[in-house]
Amino acid sequence: MEYRIGVISGDGIGPEIVREAKKVLDKVATVYGHQFHYEEILMGGVSIDACGVPLTQEAIDSAKASDAVLMGSIGGDTTTSHWYQLPPNLRPEAGLLQIRKELNLFANVRPAYLYEELKGACPIKDELIGDGFDMVIMRELTGGLYFGARETKEIDGVMTAKDSLTYNENEIRRIAIKGFDIARKRRKKVTSVDKANVLDSSRLWRKVVEEVAKEYPDVSYEHMLVDNCAMQLVKDPCQFDVILTENMFGDILSDEASMVTGSIGMLSSASLNDTKFGLYEPSHGSAPDIAGKDVANPIATILSAAMMLRFSFDLDQEADAIETAVKTVLKDGYRTIDIYSEGTRQTSCSQMGDLICERIK
């Protein structure tokens, strides 16, 4: 099979981790008889430097013409980078919000899985994590507070800022359907997270989720307030299968979930629309402090590439091969610096990519 992959290497460690993901994809192509064609797309700080904006129309068109997009990371140090002296709509992250909207990427899927070999890096006590946990956070990605109307102005002599949190029933329904569909393929449990005791948007969220749940009698579901969910993630993460939630809550909870796995460098993600198209990226940021040092952990990006094979290309066997290779490398004791512990063997970013490639059979 032949596929066209848009590649947003981005900023910071982005080019390094994307390089390793492409290396792994090329090994998969060789072993399984596929062809992957890559087209570089500028976004983020590199686009600002080259084009004056974080995302051009040409970049959007290239992404739309691809079968899927693989992304590294965008942005830089918010205190020192010249990119953050610009107006908010011209900063690197504005490009990310724009491409999500332009490509209608309303569903963000973030697995949080604790590898047996990394239990020692998990900050939660052994008696609480037991045999480990395996959850997916399904986050609505193109609505809510991040995309609502906003303004900052002086009112009666006082500077006042306002952000609007808005959802309509159609936006909620489509993400709920995605969440229940994924739960049906897993352990058949959805935890819908909101703040319905305070927010009108959350009360509508809860109502629509209940309507969708009726179409999935084989999937159990529960409602949970976001503050309680934040507590439960560190108290008993094993209870969760699919966490379904809105944009801002999902942003915060997915980062919390990433840390109970031991390292955010292990977590992949997929942003999907209502077709097979998706944008695949690691959950972590651009880590400008270690950029160019060949020490970044590429596993999250490599696992994101595996998600791309699974969700956009229906290449389940090939995705399994990558995921198995990652587990084997960890079992063999190899670690990048962020997950290194005494008794294991420290590797560089590029070495980790090579090791994973060697184990794809």
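This is a predicted model: local features need pLDDT of at least 70, side-chain atom pairs count only at pLDDT 80 or more; totals for chains, interfaces and linings use all residues.
Modeller: Helix α11 and helix α12 pass each other in a right-handed crossing.

Biologist: At what angle do the axes of α11 and α12 cross, and within what distance do they come?

Modeller: Read a helix pair by its axes, then by its residues. For α11 and α12, the axes cross at roughly 115° and come within 8 Å. The residues that touch are Ala325, Val326 and Val329 on the α11 side, and Met352, Leu355 and Ile356 on the α12 side.

Biologist: Which residues of α1 and α12 meet?

Modeller: From α1 come Glu16, Ile17, Arg19, Glu20, Lys23, Val24 and Lys27. In α12 they meet Cys349, Ser350, Gly353, Asp354, Ile356, Cys357 and Glu358. Sorted by class, this contact of α1 with α12 has seven charged, five nonpolar and two polar residues.

Biologist: What do α1 and α10 do, in angle and in distance between axes?

Modeller: The axes of α1 and α10 cross at roughly 45° and come within 8 Å. That angle makes α1 oblique to α10. The crossing of α1 and α10 is right-handed.

Biologist: Which residues bring α1 and α10 together?

Modeller: Ile17, Val18, Glu20, Ala21, Val24, Leu25 and Val28 of α1 meet Thr301, Ile302, Ala305, Met308 and Leu309 of α10. By class, the contact of α1 with α10 counts 10 nonpolar, one polar and one charged.

Biologist: Now the empty spaces. How is empty space found?

Modeller: A probe the size of a water molecule is rolled over the atoms, and this shows where empty space is left. In this structure, the largest pocket has a volume of about 930 Å³.

Biologist: Which residues are closest to the centre of the largest pocket?

Modeller: Val109, Pro111, Met307, Arg310 and Phe311, out of 29 lining residues. The elements that each supply at least two residues of this lining are β4 (107-113), β5 (134-140), α6 (169-184), β11 (268-272), α10 (299-311) and α11 (316-331). The lining of the largest pocket has 15 nonpolar, 11 charged and three polar residues.

Biologist: What volume has the second largest pocket, and which residues lie nearest its centre?

Modeller: The second largest pocket has a volume of about 480 Å³. Its lining has 25 residues, and Glu93, Leu96, Arg100, Arg110 and Asp251 lie nearest the centre. By class, the lining of the second largest pocket holds 10 nonpolar, eight polar and seven charged residues.

Biologist: Which element gives the most to the lining of the second largest pocket?

Modeller: Helix α4 does, with four residues. Among the elements that each supply at least two residues to that lining are α4 (92-102), β3 (68-73) and α9 (247-260).

Biologist: How many cavities of 30 Å³ or more does a search of the whole structure find?

Modeller: One. The largest cavity holds about 50 Å³ of space. A pocket is open, whereas a cavity is a place where the probe fits but cannot get out.

Biologist: Which residues line the largest cavity?

Modeller: Leu165, Tyr167, Val193, Asp194, Leu199, Ser201, Ser202, Trp205, Glu246 and Phe249. Helix α7 gives the most to this lining, with three residues. By class, the lining of the largest cavity has six nonpolar, two polar and two charged residues.

Methods
Residues are numbered from 1 along each chain as its sequence is written. Side-chain values use heavy atoms; hydrogens and water are left out. Contact means heavy atoms within 4.5 Å. Ala, Val, Leu, Ile, Met, Phe, Trp, Tyr, Cys and Pro count as nonpolar, Asp, Glu, Lys and Arg as charged, and the others, Gly among them, as polar. On a 1 Å grid over the protein atoms alone, a cavity is a set of points where a 1.4 Å probe fits but cannot get out, and a pocket is an open set with protein on both sides within 12 Å along at least five of seven lines; lining residues have an atom within 4 Å of a point. Grid points are joined across faces, edges and corners, and a volume is the space filled by probe spheres set on the points. Axes are lines fitted to C-alpha atoms, for helices over the stretch in contact, and angles run from 0 to 180 degrees between N-to-C directions. Angles under 35 degrees count as roughly parallel, over 145 as roughly antiparallel, 65 to 115 as roughly perpendicular and the rest as oblique. A crossing is left-handed if the near helix is turned anticlockwise from the far one by less than a right angle, and right-handed if clockwise.
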